[in-house]
Amino acid sequence: MHDAEPLAIYSLHFDRGDAECGAVALWSPVTDTRLGEQPEWIRGHRAEPVAYVRGTRPSVRIALLANHFVPASFELSAFGPSLSSANGLETPVRWLGPHPVSLERTAGWSTLAEPVSFNRSLPNHIGTHALELQWVAEWTDADGSTRKLFLGNSRHEFFTTGAPMRQGEQGAPPSGAYVPLVRWSSRWCAGLESRKDICDALLRGLPETGLRYGVPAWTVRHMLAVGGGMCGGWYQLFQQLANCQGVTLEGRTLHLAPKDDPRTDEARWEAMVAVAPGINQLEPSRMTRLYGRFLDCARYPFAPDEPVELLSHVASRYVFMAGWDDGHCLNFLEDSGRLYLYDACFRTEAVELDMPLPPADGRPVRLGQESSFRRRYLHPTLPFLMGTLRANGRLWEVDLGRNELGITVGTAQVPEIDIMWTR
Amino acid sequence: MPTTREQLRRMVAERKPPHRGFAWSELMDALEQMEAATRDSAVSTLEDEDVGVLVDLLAQRGRVPLRGQPPVPHSMPPEELVQLRALKILAQAGRLATIRDSLERLDREPSAPALRDFARQLLSRLESEEEA
């Protein structure tokens, strides 16, 4: 209940689901519904954020609640801080009005016939903005005296994004984006202009989400619900964060090409191995790690009959099996003729590569040791390859069912590695 | 002792899954055998019962009664991996017409990008074949 004032601002509706309203549709990941299905602001009841592409002039559908005798006609205005550093952020300006209003009734609710446009645009840069509006009605009495009635405050959280986003992307809501993603990306990228700077800021900001790597969830909504995900979810999350700011990324899954040697029963290679715990983890996740005795080979290549030192480690690592059934999901940004790799799970900085964007055609690609992808990304991120190999006079098999982990070889020591890229 | 492939066929024919469910590795091996049947000969030797199994795996959205803990693939959930493998085998065997509904569903519903892309490709191939 709120105090019965003569006339009060009751609800404000920004995202009305039509193209004309210009709002970015924000979705609740909890209910998978659009916040704008109801007015985002309802007095004493609801205050949800609103998002626009930067520099947009919002319009709002306004409902008023009249409790006592009030004038049937007046001019409605809303005042608040300018949000512009040029004018002084806190300098009060008239954001809306004076807009002529004729009430349908002087007791109860009246919704204005048409949405009312703001007088000014939102800031022309990426950011998050708290805007408190003070609503007033002004009119002139029959005796010529001017009257002003305070209709209450409304507090809003506005997000301004960098550019229009693509709608209905894989795993995203049918339009717009999940609200935490727009909030995070607009805050982390505040004031940034270049696509590369935006993606770098997103990567730096990810730990703040609290979401963890190694949790069995593969969609953005599921990740938000359970607090983390696998790389198949993380790369979609990163794509959607970038898309909130109008930046398009190319997602790719890196597969290791398996190659069996029927003459020796060896398999080079069976898996890529990561030792880092992943984002927001102190140790590899118990839910998805592989715990066992790894035999790390001190040098490679070696002949089957020559002695080779195997360093035994009981450890927790992540294992990405070779072939189409598994892989590691990444994003690429093409910007100013350069290619940058973003690994939301294991890397905190973009990796610049001397190669074109790999086509997602699944064809084998052979990587020599000089490949920039290998040197700058693969070697530090997935530092071991696991294989079924002959050494010291026996075959060391990989059989995860029996927790036999073959031999793990330093990725950097392998002369050639065959990989495949898919979407 | 029936093989996993035979147990899968029986599960579809009699709607009776094996009492203890399938081990993940055995399920993958059975799919590998079916894939090999389409790959290793000029004419597909995939039998109708196998096609029935694969169509049913897709219709059940990759859900199979399992025993033990399946491994956690990194790029997609285990159920979607089962569907991806079933799609690949049926595509190789030239049996896409039997799974139009599943392809349309996968194109429509949220799933791993690789699975959705592959379903889209197959749907478009199927439509071209039907037009021709």
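This is a predicted model: local features need pLDDT of at least 70, side-chain atom pairs count only at pLDDT 80 or more; totals for chains, interfaces and linings use all residues.

Q: Good. So what share of chain A counts as buried?

A: In chain A, 55% of the 423 residues count as buried.

Q: And which helices and strands am I looking at, in numbers, for chain A?

A: Chain A has 32 strands and 5 helices. Its radius of gyration is 29 Å, whereas the globule rule gives 22 Å for 423 residues, so chain A is more spread out than a compact globule.

Q: What does the C-alpha trace of chain A span along its principal axes?

A: About 110 × 45 × 30 Å for chain A.

Q: How much of the contact set in chain A comes from residues 24 or more positions apart?

A: Taking contacts with a separation of 6 or more, 69% of those in chain A are between residues 24 or more positions apart.

Q: What about the surface and charges of chain A?

A: Chain A exposes about 18,300 Å², and 49% of that comes from carbon and sulfur atoms.

Q: Let's zoom in. Where does Val60(A) sit?

A: Val60(A) belongs to strand β8 of chain A, which runs over residues 59–66.

Q: Buried or exposed, that Val60(A)?

A: Val60(A) has a relative accessible area of 1%. Since buried means under 20%, Val60(A) is buried.

Q: What is Val60(A) in contact with, apart from its neighbours within four places in sequence?

A: With those neighbours left aside, the contacts of Val60(A) are Leu12(A), His13(A), Phe14(A), Arg16(A), Leu96(A), Pro115(A), Val116(A) and Phe118(A).

Q: I also clicked on Leu112(A). How far is that from Val60(A) in space?

A: C-alpha to C-alpha, Val60(A) and Leu112(A) are 9.8 Å apart, and in sequence they are 52 residues apart.

Q: Switching to backbone geometry: which residues does the cis peptide bond with omega of about 5° join?

A: That one joins Gly97(A) and Pro98(A). Pro98(A) is part of strand β10 of chain A, residues 92–102. There is also a cis bond from Tyr300(A) to Pro301(A), where omega is near 0°. Pro301(A) is in the chain A loop between β21 (290–297) and β22 (310–321).

Q: I see a positive phi at Asp265(A). What's its value, and where is the residue?

A: Phi is about 65° at Asp265(A), although this residue is not a glycine. Asp265(A) lies in the loop of chain A between β19 (260–261) and β20 (266–274). With 47% relative accessibility, Asp265(A) counts as partly exposed.

Q: And Asn392(A), what's the phi there?

A: Asn392(A) is not a glycine either, and its phi is positive at about 50°. Look for Asn392(A) in the loop between β27 (384–391) and β28 (394–396) of chain A. Asn392(A) has 38% relative accessibility and counts as partly exposed.

Q: On to chain B. What pattern does it follow along the sequence?

A: Chain B reads α-β-α-α-β-α-α-α, with 6 helices and 2 strands.

Q: Which residues of helix α1 in chain B are buried?

A: In α1(B), residues 4–14, the buried ones are Thr4(B), Arg5(B), Gln7(B), Leu8(B) and Met11(B). They sit on the same side of α1(B), because they cover an arc of only 165° around the axis.

Q: What covers them?

A: The cover for the buried residues of α1(B) includes β1 (22–23), α2 (24–39) and α3 (48–59) of chain B.

Q: And what happens just after α1(B)?

A: There Arg15(B) takes a positive phi of about 55°.

Terms used: Residues are numbered from 1 along each chain as its sequence is written. Chains are lettered from A and ligands numbered from 1 in the order in which they are written. Side-chain values use heavy atoms; hydrogens and water are left out. Buried means under 20% relative accessible area, exposed over 50%, partly exposed in between (1.4 Å probe, protein chains only). Helices (H or I, at least four residues) and strands (E, at least two) are DSSP runs, numbered from the N terminus. The arc is that of the directions from the helix axis to the C-beta atoms. Contact means heavy atoms within 4.5 Å. The radius of gyration is taken over C-alpha atoms; the globule rule is 2.2 Å times the number of residues to the power 0.38. Accessible areas come from the Shrake-Rupley method with a 1.4 Å probe; for residues, only the protein chains shown count as cover.
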